Amino acid sequence: MASKKPAAITISAELVSKILRTVSMTEAFHFFTDIGQDTGKSATSLADFSEKLKAVPLKSIEFHVGRGDFERWFREMLGDDYLASEVGRIEKSVHREHALEGLRTAIHGAVENRLRYLKQRNSERARPI
């Protein structure tokens, strides 16, 4: 019996484009440290999110992880169920006693790995046969 390929391997060119696109500021991820406490940093693409994640206060990461905001934005705004699941797994596996910097590093690593994969898929699609 053939095994089912993971979503990361069978991703369509259309979905790659959707995930890598730049969204409007109303659809952007806005980093907060608490309800009504905006950091002034927003991400309009997955690559932008990766960069901003490195610079936001750890309190912002703690706030958003506690609410599942990263996972939700990846899934609902960018359409990336695979990354949403990966980040959700990371969020659930990190215990409160672990340093928030480790959580930032793990989420950033997952986002960077996904970006590399998507960019590679995008460039393969663009190559002439």
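Student: Leaving out residues up to four places away in sequence, which residues does arginine 104 touch?

Tutor: Contacts at a distance in sequence show how a chain folds back on itself. This model is predicted, and in it arginine 104 touches Leu53, Lys54, Ala55, Val56, Pro57, Leu58 and Ile61.

Student: Where in the chain is arginine 104?

Tutor: In helix 6, which spans residues 100-126. One of its contacts, isoleucine 61, is 43 residues away in sequence. In space, the two C-alpha atoms are 7.0 Å apart.

Student: Is arginine 104 buried or exposed?

Tutor: Compare the relative accessibility with the cut-off: under 20% is buried. Arginine 104 has 9%, so it counts as buried.

Student: Which backbone oxygens lie by polar atoms of the arginine 104 side chain?

Tutor: Take the distances one by one. The backbone oxygen of leucine 53 is 2.7 Å from a polar atom of that side chain. For the backbone oxygen of lysine 54, the distance is 3.2 Å.

Student: Now the rings. How many aromatic pairs does a search of the whole structure find?

Tutor: The search finds 10 aromatic pairs. Read each pair by two values, the distance between centres and the angle between planes. Planes over 60 degrees apart count as edge-to-face. Phenylalanine 29 and phenylalanine 31 have ring centres 4.8 Å apart and planes at 65°, so they form an edge-to-face pair. Both phenylalanine 29 and phenylalanine 31 are buried.

Student: How are the rings of phenylalanine 49 and phenylalanine 74 arranged?

Tutor: Their centres lie 5.0 Å apart and their planes meet at 75°, so this pair is edge-to-face. The pair links distant parts of the chain. Phenylalanine 49 belongs to helix 2 (residues 46-55) and phenylalanine 74 to helix 4 (residues 69-77), 25 residues apart.

Student: Why do phenylalanine 49 and phenylalanine 74 count as buried?

Tutor: Phenylalanine 49 counts as buried because its relative accessibility is 0%. Phenylalanine 74 is buried at 0% as well.

Student: Which residues form the aromatic cluster?

Tutor: Phe29, Phe31, Phe49, Phe70, Trp73 and Phe74 form one cluster.

Student: What does serine 45 contact beyond its neighbours within four places in sequence?

Tutor: Serine 45 contacts Arg21, Thr22 and Trp73. Trp73 is also one of the residues in the aromatic cluster. Serine 45 sits in the loop between strand 2 (37-43) and helix 2. Its relative accessibility is 10%, so serine 45 counts as buried.

Student: On to pockets. What is the volume of the largest pocket, and which residues lie nearest its centre?

Tutor: Read a pocket by volume, then by lining. The volume is about 240 Å³. The lining has 16 residues, and Phe29, His30, His64, Arg67 and Asp69 lie nearest the centre.

Student: Which elements supply at least two residues of that lining?

Tutor: Strand 1 (29-34), helix 3 (58-67) and helix 4 each do. Helix 4 gives the most, with 5 residues.

Student: Finally, the whole chain. What pattern does it follow along the sequence?

Tutor: The pattern is α-β-β-α-α-α-α-α, with 6 helices and 2 strands. Of the 129 residues, 36% are buried. Now consider contacts with a separation of 6 or more: residues 24 or more positions apart account for 60% of them.

Definitions and conventions: Residues numbered from 1 in each chain as written. Predicted model: local features only at pLDDT ≥ 70, side-chain atom pairs only at ≥ 80, totals over all residues. Heavy atoms only, no water. Helix = DSSP H or I, 4+ residues; strand = E, 2+ residues; numbered from the N terminus. Buried < 20%, exposed > 50% of the residue type's maximum accessible area, 1.4 Å probe, protein only. Contact = heavy atoms within 4.5 Å. Polar contact = N/O pair within 3.5 Å; in protein donor to acceptor, adjacent residues only side chain to side chain. Phe/Tyr/Trp six-rings, centres within 6.5 Å; stacked < 30°, edge-to-face > 60°. 1 Å grid on protein atoms, 1.4 Å probe; cavity = no way out; pocket = protein on both sides within 12 Å on 5 of 7 lines; lining within 4 Å. Points joined across faces, edges and corners; volume = space filled by probe spheres on them.
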